[in-house]
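Here's a quick briefing for anyone meeting this structure for the first time. Take a look at the sequence and the model, then read on.

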Amino acid sequence: MKTIGLIGGMSFESTAVYYRMINEAVRARRGGLHSADVIVHSVDFQSIVDLQKAGRWDAAGARLGAVAAGLEKAGADCVLICTNTMHLVADAVQSAVKAPLLNIIDETARSILAAGKRRPLLLATRYTMEHGFYADRMKMAGLDVMVPDAAGRTLVHDVIFDELCQGKVLESSHARMIALIEAARLQGADCVILGCTEICMLLDPAALPLPGFDSTAIHAKAAVDFALGSAAASRAA
């Protein structure tokens, strides 16, 4: 089994989900008392949020690159950034290590394409929905990403930061998110990406008006595939 390196803490709520999903998958595949070989570096999320708000993405990339290098030095064979938003600096993180960075955008795109979908609605932080890095990378894979209107983007962003990242799961927010998905369905979306690693705390991808793709679960599965040597087979499937 190869060692998985997780850059976590963004937020720690979703990092806990990654840890559980990865270990449950290894136990399911290996049986018995098997669990994953994982190294986690959980950063102080507030320090990252401060850099996001200031537009200091270069500094954020350098910070996470240093964390990735530390994970590699500690023995990680691959690295995951346990958040969609910080894949804005994925190139900087990958350049800091020789180990492969398993990109959440690429893994999610593969899952959507394998399901025969082409026009996903992206629910994520404002940075992920508006900065273009996510939609542009999806476009390279042949996907036409939709996002909510301005009011919808504000809603999703606020639910993520003011509620989910603080461990609050509110039924009222669930209803409003479902309404956003229903509106996108009427506008031509054929699926929905839970494009923030906390959204799975609020929305069940199997119980939505459109087929749902949980980026957290997809990313965790990619890590397990890599660790157990089945990444190539998974991607070819």
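The charged end of K2 sits over the ring of F226, 4.8 Å from the ring's centre; that label calls for NZ of Lys or CZ of Arg within 6 Å of the ring centre and within 35 degrees of the ring normal. Keep in mind that this is a predicted model, where local features need pLDDT of at least 70, side-chain atom pairs count only at pLDDT 80 or more, and totals for chains, interfaces and linings use all residues. Residues are numbered from 1 along each chain as its sequence is written, and side-chain values use heavy atoms, with hydrogens and water left out.

**Helix α2**
- Helix α2 spans residues 45–53, and its buried residues are F45, I48, V49, L51 and Q52 (buried means under 20% relative accessible area, with a 1.4 Å probe and protein chains only).
- These residues cover an arc of only 160° around the axis, which puts them on the same side of α2 (the arc is taken from the directions from the helix axis to the C-beta atoms).
- After α2 comes G55, with a positive phi near 70°.

**Aromatic pairs**
- Searching the whole structure turns up 3 aromatic pairs (ring centres of Phe, Tyr or Trp, the last by its six-membered ring, within 6.5 Å; planes under 30 degrees apart are stacked, over 60 edge-to-face, the rest tilted).
- One of them is F45 with F161, stacked at 6.1 Å centre to centre with 15° between the planes.
- F45 lies in helix α2 and F161 in helix α8, so this pair ties together parts 116 residues apart in sequence (helices are DSSP runs of H or I, at least four residues, numbered from the N terminus).

Definitions and conventions:
Buried < 20%, exposed > 50% of the residue type's maximum accessible area, 1.4 Å probe, protein only. Helix = DSSP H or I, 4+ residues; strand = E, 2+ residues; numbered from the N terminus.
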